[in-house]
Protein chains: 2
Amino acid sequence: MHKEYEGYLIDLDGTMYNGNEKIEEAADFIDRLRDADKPFLFLTNNSTANPQTVTNKLQSVSDVKAYPEEVFTSTEATITYLHKMNAKRIYVIGEAGLLEGLQAEDFVLTDHEVDAVVVGLDSQVDYSQLEKATLLIQGGAAFIGTNPDTNLPTERGLVPGNGALIAFLEASTGQKATVIGKPEAIIMEAALAKIGLKKEDVLMVGDNYSTDIQAGIRNGVDTLLVLTGFTRKEDVENLPTPATHVMDTLEQWKV
Amino acid sequence: MHKEYEGYLIDLDGTMYNGNEKIEEAADFIDRLRDADKPFLFLTNNSTANPQTVTNKLQSVSDVKAYPEEVFTSTEATITYLHKMNAKRIYVIGEAGLLEGLQAEDFVLTDHEVDAVVVGLDSQVDYSQLEKATLLIQGGAAFIGTNPDTNLPTERGLVPGNGALIAFLEASTGQKATVIGKPEAIIMEAALAKIGLKKEDVLMVGDNYSTDIQAGIRNGVDTLLVLTGFTRKEDVENLPTPATHVMDTLEQWKV
């Protein structure tokens with residue numbers, strides 16, 4: 001028997017679905033959480049999709065019924081952080097999820113006299129945007145990256161992720177970004193605040209050791225590593241700090 | 001009295017001119033080298049301009065008369081390196097100087113089945129090019145960067161240089177680039193081969209400690225740090241390894 005957790009933070013890709021492939025055990029796992037009245041949040045580093053888009057994907061790929069308010073993306077965590085630092089004027093690199101998320105709040109999206117440069121993945125980014133970001137950060141704007149993922153699995157292969165954009169700007173500015181997403185503390189603290197539970201009462205569930213499980217380890221949250229995605233069974237015995245729990249699939253987990 | 005050098009490797013920006021500003025002592029220095037029959041090469045990390053463009057700039061900004069065959073850019077050094085590794089099919093990111101340089105040789109510029117990805121500064125680069133480069137390097141192509149400069153001084157400020165593009169691709173591929181330009185060995189060895197002198201008989205002249213002077217220090221070539229450009233007089237006493245010679249201007253140097 002494992003400790004009983006009061007709430008769950010649940011990764012998406014590799015945990016609830018694999019790209020556009022269904023993970024069979026996902027829908028039943030979520031049903032069991034609902035039956036047991038356990039609150040949960042889907043926690044994703046992806047800043048490019050908004051919560052509604054995420055719920056549509058959960059439904060269409062893995063038959064998981066979810067509500068937008070159950071989705072917490074790095075965009076939401078970034079917005080929380082920007083409010084906390086009292087930033088108003090933002091230069092943003094990013095796609096619809098991040099742009100719409102910022103526009104829905106009262107931020108001024110501009111490229112002059114900005115308080116912060118926010119960098120999320122933009123698969124159409126070009127040099128002129130990266131130059132603007134560089135000059136604004138050199139000029140004193142805060143340098144914020146939504147998530148550190150260096151790659152994104154696609155049907156074309158492991159294409160560059162937002163971590164590559166951050167690496168570009170860290171080189172061109174000589175400054176380190178404040179990174180919001182997993183495994184960093186900022187998204188974890190924002191998610192715990194939203195779910196309204198203490199870190200010792202929550203379980204972080206995910207397939208990726210270096211983002212999901214490290215997010216738990218670094219922030220005092222117990223972890224369940226599920227072997228349906230990125231981290232493979234043969235890697236488990238060599239992990240520097242073990243996950244609290246390891247399971248082949250979510251079917252084995254007793255809520 | 002200093003040692004008499006048989007030949008000179010001479011940096012451009014900060015040494016022969018400052019951006020579009022004349023350096024007064026440059027033309028006389030080059031005249032004195034010609035009068036003394038001392039061979040020299042202008043050695044630049046810039047891959048975006050071809051040798052003819054460089055000589056035009058030397059003439060128009062600082063009244064320095066030079067010939068294209070006296071200019072050795074990171075493009076020329078990259079071509080030498082590509083021939084040595086027997087590469088034929090190249091995917092290239094870069095501007096006119098690099099593209100034309102490669103096209104003038106018998107390389108096939110393509111984006112499939114490539115032997116090497118060559119990355120030079122391209123101020124119009126976009127995500128799709130960086131994605132192609134990422135996938136090709138992951139697929140086994142050699143990863144070559146023309147020069148490591150993280151910034152470029154312009155009238156707009158310190159804009160991103162090729163070192164930032166390399167940092168992006170190092171993050172997205174998990175691989176280190178083979179870098180050609182100063183301070184690396186590859187460009188120094190290629191320049192010594194072209195000038196036909198031994199490293200102990202040559203002086204590297206430049207204004208930038210971390211590129212020009214480090215290029216000499218790391219490769220056994222004596223150095224003259226001239227304080228007309230990037231490295232300032234007050235930095236000199238704190239340099240980790242001193243330059244062989246330091247002068248305020250080239251006027252003070254006896255050829």
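Predicted model: local features only at pLDDT ≥ 70, side-chain atom pairs only at ≥ 80, totals over all residues.
The peptide bond from K182(A) to P183(A) is cis, with omega near 10°. P183(A) belongs to the loop between β12 (178–179) and α7 (185–195) of chain A. In chain B, a cis peptide bond joins K182(B) and P183(B), and there omega is about 5°. P183(B) is likewise placed in a loop, the one between β12 (178–179) and α7 (185–195) of chain B.

I turn now to the domains of chain A. The domain assignment gives domain 1, made of 7–45 + 183–252, and domain 2, made of 86–179. Taken over C-alpha atoms, the centres of these two domains of chain A are 26 Å apart. Five residues from domain 1 of chain A and five residues from domain 2 of chain A take part in the contact. Between the two domains of chain A, about 440 Å² of area is buried, and carbon and sulfur atoms give 58% of that area. The side of domain 1 of chain A that touches domain 2 divides into two nonpolar residues, two polar and one charged.

Next, the contact between the chains. Here, 26 residues from chain A meet 26 residues from chain B. Together, chain A and chain B bury about 2000 Å², with 65% of it on carbon and sulfur atoms. In chain A, the residues that lose the most area to chain B are Y127(A), P160(A) and F168(A), which together make up 31% of what that side buries.

How many salt bridges cross the interface of chain A and chain B? There are two. One salt bridge in the model pairs E131(B) with R156(A), and their closest N and O atoms are 2.6 Å apart. Ten residue pairs are in polar contact across the interface of chain A and chain B. On the side of chain A that touches chain B, the elements giving two or more residues are α5 (127–138), β11 (157–160) and α6 (162–173). Of these, α6(A) gives the most, with seven residues. By type, the residues on that side of chain A are 13 nonpolar, nine polar and four charged.

Over all chains, the whole structure holds 27 salt bridges. Among them is the pair of D248(A) and K233(A), whose closest N and O atoms are 2.7 Å apart. This pair links distant parts of the chain, 15 residues apart: D248(A) is in the segment after β15 (245–247) of chain A, and K233(A) is in the loop between β14 (222–226) and β15.

I close with an annotation from a record. An unreviewed UniProt entry lists D11(A), D13(A) and D207(A) under "binding site". These residues span 197 residues in sequence, yet no two of their C-alpha atoms are more than 8.0 Å apart, so they gather at one spot. On the model, D11(A) can be found in the loop between β1 (7–10) and β2 (17–18) of chain A.

Key: Residues numbered from 1 in each chain as written. Chains lettered and ligands numbered in written order. Heavy atoms only, no water. Contact = heavy atoms within 4.5 Å. Buried area = accessible area lost by both parts, 1.4 Å probe. Salt bridge = Lys/Arg side-chain N within 4 Å of Asp/Glu carboxyl O. Polar contact = N/O pair within 3.5 Å; in protein donor to acceptor, adjacent residues only side chain to side chain. Helix = DSSP H or I, 4+ residues; strand = E, 2+ residues; numbered from the N terminus. Nonpolar A, V, L, I, M, F, W, Y, C, P; charged D, E, K, R; others polar. Domains from an automatic or database assignment. UniProt positions renumbered as here; feature names shortened; annotations may be inferred.
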